[in-house]
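The structure is shown first.

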Amino acid sequence: MSARPVPRPGVLSIEAYVPGKSAAPGVPKVYKLSSNETPLGPSPKAVAAVKAMAGELEYYPDGAATALREAIAAKYGLDPARIVCGAGSDELLSLLTNAYVGPGDEGVFTTHGFLVYRIAILAAGGTPVIAEETNHTADVDAILAKVTPRTKIVFLANPNNPTGTYLPFDEVKRLHAGLPPQVLLVLDAAYAEYVRRNDYASGLELVATSENVVMTRTFSKIYGLAGLRLGWMVGPAHVVDAVNRIRGPFNVNAPAIAAGVAALSDEAHVAAAVAHNDEWLPWLSREIEALGLKVTPSVGNFLLIHFPETPGRTAKEADAFLTKRGLILRGVAAYGLSNALRLTVGTEEANRLVVAALADFLKAGAR
Ligand SMILES: Cc1ncc(COP(=O)(O)O)c(C=O)c1O
């Protein structure tokens, strides 16, 4: 008998998620480039929708988020009954794991896969299983090799955070074809809107044609609504049914529902964010590589920058140097990438400052 309450097995093996830093003490102007947020902010239509809700906060939201599910369904040609909204896609990743994984079960994800997968699997009492990546990219054969009779869920972030790499849709289909039908494949497409590759697809087609595939999406990235916590998933009816049974009855708040509907209607705002990324992602890659640093090719709104282990030039020292200038990047040691930093594409001003600061940092380290 224990003298105090003890969490379920697995809970205390969780390293709590540490979000990207947002402050640089003593620095007058801070550029937060640590959480893959959009430099363009939310759509003015979404802001207006939130303001309009401010006088009605005494009412519970629509627990089924009907207006939002209908708006998403109209945009993507889906059945609203197959959509579930969540307080961020994080919540949906946890709900899916809780619905399908328990003690003795395994969940598979890749070496540098998004950290929430590991947390969700452990929190559900399951065992995380890691599939090796190749060149910081998910490897279908390595994932399939990790599948056992105990596997209940496979997570694939496509594109992945923090690497920015992606799998072409043919590879995703090959992954699905190799999975037993009782394994749930979760395609996490948080950055789908940014991808500009003909061989990429977020996974809607697979969801529509199979009984074991779910796709999750977020309003936190290109829609600039991270602070409201809003995401959605689409899946087969039986998975939607399971998730709806365990989710909180009012898991998405009313301002978030209203903002989501308004944001979806502002296609020009999304197009502007895509155009900004199309310009500055390649610019940052080129400029940073020209400084002699290796950058993993990215299709998202962020870049993984690799630093040497030479004292004076390490990722940790670069992080401290940049922070002193108010430039906050993301240390990714928790992802097993202690020699790298992740940089979110920022405003033109922030992007130029980062490149200039990195050049100064490398000069200082060379002395
Ligand atoms: C790959 C991936 N999936 C999901 C999320 C969660 O997004 P949210 O919970 O804000 O929708 C993130 C956020 O960083 C992410 O990078």
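A polar side-chain atom of Arg229 lies 2.7 Å from an oxygen atom of the ligand, a polar contact being a pair of N or O atoms within 3.5 Å. Asn161 likewise places a polar side-chain atom 2.7 Å from a ligand oxygen, and Tyr191 has one at 2.7 Å from an oxygen atom of the ligand. Of the 390 Å² of accessible area that the ligand has on its own, the protein covers 94% (Shrake-Rupley method, 1.4 Å probe).

The model is predicted, with local features needing pLDDT of at least 70 and side-chain atom pairs pLDDT 80 or more, while totals for chains, interfaces and linings use all residues. Residues are numbered from 1 along each chain as its sequence is written, and side-chain values use heavy atoms, with hydrogens and water left out.

## The shell

The residues around the ligand (a heavy atom within 4 Å) include Gly88, Ser89, Asp90, Phe114, Asp188 and Lys221. Helix H3, residues 88–100, gives the most to this shell, with 3 residues (helices are DSSP runs of H or I, at least four residues, numbered from the N terminus).

## The pocket

The ligand takes up the space of the largest pocket (more than half of its atoms within 2 Å of the grid points). A pocket is an open set of points on a 1 Å grid over the protein atoms alone, where a 1.4 Å probe fits, with protein on both sides within 12 Å along at least five of seven lines, and lining residues have an atom within 4 Å of a point. About 460 Å³ of space lies in this pocket, the volume being that filled by probe spheres set on the points. Of its 27 lining residues, the closest to the centre are Tyr17, Ser35, Asp90, Phe114 and Lys221, and H3 supplies the largest share of the lining, 4 residues.

Notes
Polar contact = N/O pair within 3.5 Å; in protein donor to acceptor, adjacent residues only side chain to side chain. Helix = DSSP H or I, 4+ residues; strand = E, 2+ residues; numbered from the N terminus.
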